[in-house]
Structures are given as C-alpha cells and as structure tokens.
Amino acid sequence: MTIIGVAGGTGSGKTTVVKKIVEALPPHYVTVIPQDSYYNDTSSMTEEERHAINFDHPDAFDWKLMVKQINELRAGKAIEQPTYSYLICNRLPETIHVEPHPVIIIEGIMALLNKKLRDMMDLKVYVDADSDERLIRNIQRDVVERGRTVEMVINRYLDVLKPMHEQFIEPTKKYADIIIPQGGENKKGIGILCKYIESLVAGK
C-alpha cells in the first residue's frame, strides 16, 4: 500500500491536484481521506462555543482518530470515516464506509503537520499558491458552499487564515518531497507527480 500526504494552504488547489491523481490511476485504486472530516466532535459545546472555534488551528483536529483510522486502512481494514458540517460546526451522526485501496491519499491543510502521519507516508506533497489566489478561491468557495458573505470571508482570512497559514501550514513545506507551485493549474507538475506515484505503486 502506498500512502501519500497532500498539504497546502486553504484555497491552494489541493483538491484539484488530488482529483488529477485519482483520474491518472486505475479506477477504484485510490482512497482519499480528507482531513476536514476529522474535526473534533463538539457535541458537548453550545452553538456559540462551536462558532468560536479556530478551525485552522491544529487543536481543532481529532489527530488520534485520524492516525488510528489510517493505521486500520494500512492494515487492510475498512473504516467508518466521520463526517462534518460547516453549517452547524459539528460532526454529523452519519459516517462513510471506506474500504482500503492500493493508494491512500491524506489531503488537508495540515496533512504534513503530524509526525505520526508523516512517518506513514511514502510521499509527501505540498501544493503552493500565491496568497491572493488562495483568498480568491476562499471567497468563491465559502460564499457558495458555506453561506458566508464576501466581507465575512475576507475578515476571516485576515484574522485567522493568514496568521494560521504562516504559523502552522507554510512551515510544513520543509517536510515535502515534492512541491507543486501554482496549485491545481500546474498541469506539468501534476503530470510528473502522477507518473511518479504510478512508479511507486508498481514497485511495491
């Protein structure tokens, strides 16, 4: 089994890069594990307390569960992946049944932050993009998918995303084996990455 970590700032193009990897490999070959599914269960909190959480800080994630489930997949066992709602800022009761496949991709802003996860990875990828591009993508996504206003997104970017990116996400670039600049627009870089992953899988 090949385990790949794909990290990068919010709006960097990680999802596009992962999508291209999935498309390049044979069908049913890849299991994608999004870090966004592993926010802490906040059922015991009030709605006001949940909305005050900094979801771009490492403490917002249930690292223990994530490491446990990646280990289970690596051992060939299926998992019940948690699901999360940004609208209610809490974990949902529904889970997603996930079967192990030859390639496991861990995708998220801090996919390379946790040492236990990094030590499992055969390949570590950091998807890079200019800060203005990331801001534009954040606006486009959060207004449509998360019901936020443009002003809310910009304020959150300046108050939370930018400082958290500089403190926790950008430093993980040093752990990357491969850096994909220009995010999901870098077709040549993504193509080279896909070929390399195919060679990794073939060699196992």
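Trainee: How many aromatic pairs are there, and by which rule?

Mentor: Rings of Phe, Tyr and Trp (its six-membered ring) pair if their centres lie within 6.5 Å; planes under 30 degrees apart count as stacked, over 60 as edge-to-face and the rest as tilted. By this rule there are five aromatic pairs here. Tyr39 and Phe61 are a stacked pair, because their ring centres are 4.6 Å apart and their planes stand at 20 degrees. This pair links distant parts of the chain, 22 residues apart: Tyr39 is in the loop between S2 and H2, and Phe61 in the loop between H2 and helix H3 (63–74). Helices (H or I, at least four residues) and strands (E, at least two) are DSSP runs, numbered from the N terminus.

Please note that the model is predicted: local features need pLDDT of at least 70, side-chain atom pairs count only at pLDDT 80 or more, and totals for chains, interfaces and linings use all residues. Residues are numbered from 1 along each chain as its sequence is written, and side-chain values use heavy atoms, with hydrogens and water left out.

Trainee: Are Tyr39 and Phe61 buried or exposed?

Mentor: Buried means under 20% relative accessible area, exposed over 50%, and partly exposed in between (1.4 Å probe, protein chains only). Both Tyr39 and Phe61 are buried.

Trainee: What is the geometry of the pair formed by Phe55 and Tyr84?

Mentor: Phe55 and Tyr84 are edge-to-face, with 6.0 Å from centre to centre and 65 degrees between the planes. Phe55 lies in the loop between H2 and H3 and Tyr84 in strand S3 (residues 79–85), so the pair ties together parts 29 residues apart in sequence. Phe55 and Tyr84 are buried too. One aromatic cluster is formed by Tyr39, Phe55, Phe61, Trp63 and Tyr84.

Trainee: Where does Thr42 lie, and with which residues is it in contact?

Mentor: Contact means heavy atoms within 4.5 Å. Thr42 lies in the loop between strand S2 (30–34) and helix H2 (47–51). Neighbours within four places in sequence aside, Thr42 is in contact with Arg50, Ile53, Cys89 and Asn90. Thr42 is buried, its relative accessible area being 3%.

Trainee: Which charged end sits over the ring of Tyr175?

Mentor: A charge sits over a ring if NZ of Lys or CZ of Arg is within 6 Å of the ring centre and within 35 degrees of the ring normal. Here the charged end of Arg118 is over the ring of Tyr175, 3.6 Å from its centre.
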